[in-house]
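Here is a briefing on one protein chain. Start with a loop residue, then work through the fold, the core and the charged pairs.

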Amino acid sequence: MIQTFRSRNTDPVTSHMAAAQAYELAKDHAIIIVDCLQRNGALGKDGIMLLTKLDRNQISRRLPELERQGLIKQTGKLVRSLSNRLEREWAFQPQQRSLI
């Protein structure tokens, strides 16, 4: 399950409304990123960007959220970005599910 929190209890109503809209977008982005890593193997941020058509900022915001939720993990390797700089490599983290 993908969870994101975009507003605080003390925020005004308009912030909660905006957060609800942002939640749906973030959830969609997260699903796209996890699916990309599951289908294509470990990738850097730019690799994910090329395969998903999400922009760098969308991906950069989702990666730490997905890592905290245990859906993806850092491989410990660095890969070259499109600008030839080093960036972290990310991989899908299979989930252990209990049998019914």
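Asn84 counts as exposed, at 52% relative accessibility. Exposed means over 50% relative accessible area, buried means under 20%, and partly exposed lies in between (1.4 Å probe, protein chains only). Asn84 sits in the loop between β2 (72–80) and β3 (86–92). The phi of Asn84 is near 70 degrees, a positive value in a residue other than glycine.

This is a predicted model, in which local features need pLDDT of at least 70 and side-chain atom pairs count only at pLDDT 80 or more, while totals for chains, interfaces and linings use all residues. Residues are numbered from 1 along each chain as its sequence is written, and side-chain values use heavy atoms, with hydrogens and water left out.

**Overall fold**

- The chain has three helices and three strands. Helices (H or I, at least four residues) and strands (E, at least two) are DSSP runs, numbered from the N terminus.
- Along the sequence, the pattern reads α-β-α-α-β-β.
- The chain has 100 residues, and 31% of them count as buried.
- Among contacts between residues at least 6 apart in sequence, 45% join residues at least 24 apart. A contact means heavy atoms within 4.5 Å.
- The accessible surface of the chain is about 7100 Å², with 52% belonging to carbon and sulfur atoms. Areas come from the Shrake-Rupley method with a 1.4 Å probe; for residues, only the protein chains shown count as cover.

**Nonpolar core**

- The largest nonpolar core has 15 residues. Such a core is a set of buried Ala, Val, Leu, Ile, Met, Phe, Trp, Tyr and Cys residues joined through side-chain atoms within 4.5 Å.
- Ile33, Leu37, Ile48, Ile59, Leu63, Leu66 and Ile72 touch the most other members of this core.
- Helices α1, α2 and α3 (56–68) each supply at least two residues of this core. Helix α1 gives the most, with five residues.
- Leu37 touches Leu43, Ile48, Ile72, Trp90, Ala91 and Phe92, leaving aside residues up to four places away in sequence.
- In soluble globular proteins, nonpolar side chains tend to be buried together.

- Which residues of α2 are buried? They are Lys45, Asp46, Ile48, Met49 and Thr52.
- These residues cover an arc of only 155 degrees around the axis, so they lie on the same side of α2. The arc is that of the directions from the helix axis to the C-beta atoms.
- Leu50 also lies in α2 (residues 45–52). Leu50 is partly exposed, with a relative accessible area of 47%.
- Leu50, Leu51 and Leu82 make a nonpolar surface patch of about 300 Å². Patches are made of residues with over 30% relative accessible area and no salt bridge; like charges are joined within 9 Å, nonpolar side chains (Val, Leu, Ile, Met, Phe, Trp, Tyr) within 5 Å.
- Lys53 follows α2 and is placed in the loop between α2 and α3.
- Lys53 has a positive phi, near 70 degrees, and is not glycine. Lys53 is exposed, with a relative accessible area of 70%.
- Most residues other than glycine have a negative phi, and most peptide bonds are trans.

**Salt bridges**

- The count comes to six salt bridges. A salt bridge is a side-chain nitrogen of Lys or Arg within 4 Å of a carboxyl oxygen of Asp or Glu.
- Asp35 lies in helix α1 (residues 13–40). Its side chain meets that of Arg39 in a salt bridge (2.9 Å, N to O).
- Asp35 and Arg39 are four residues apart in α1, so about one helical turn separates them.
- Asp35 is partly exposed, at 31% relative accessibility, and Arg39 is exposed, at 66% relative accessible area.
- Asp35 is 9.5 Å from Thr52, C-alpha to C-alpha, and 17 residues away in sequence.
- Lys45 and Asp46 pair through their side chains (3.2 Å, N to O). Lys45 is buried, at 18% relative accessible area, and Asp46 is buried, at 4%.
- Glu65 forms a salt bridge with Arg62, with the closest N and O atoms 3.0 Å apart. Glu65 and Arg62 both lie in α3, three residues apart, about one turn of the helix.
- Glu65 counts as buried, at 13% relative accessibility, and Arg62 counts as buried, at 7%.
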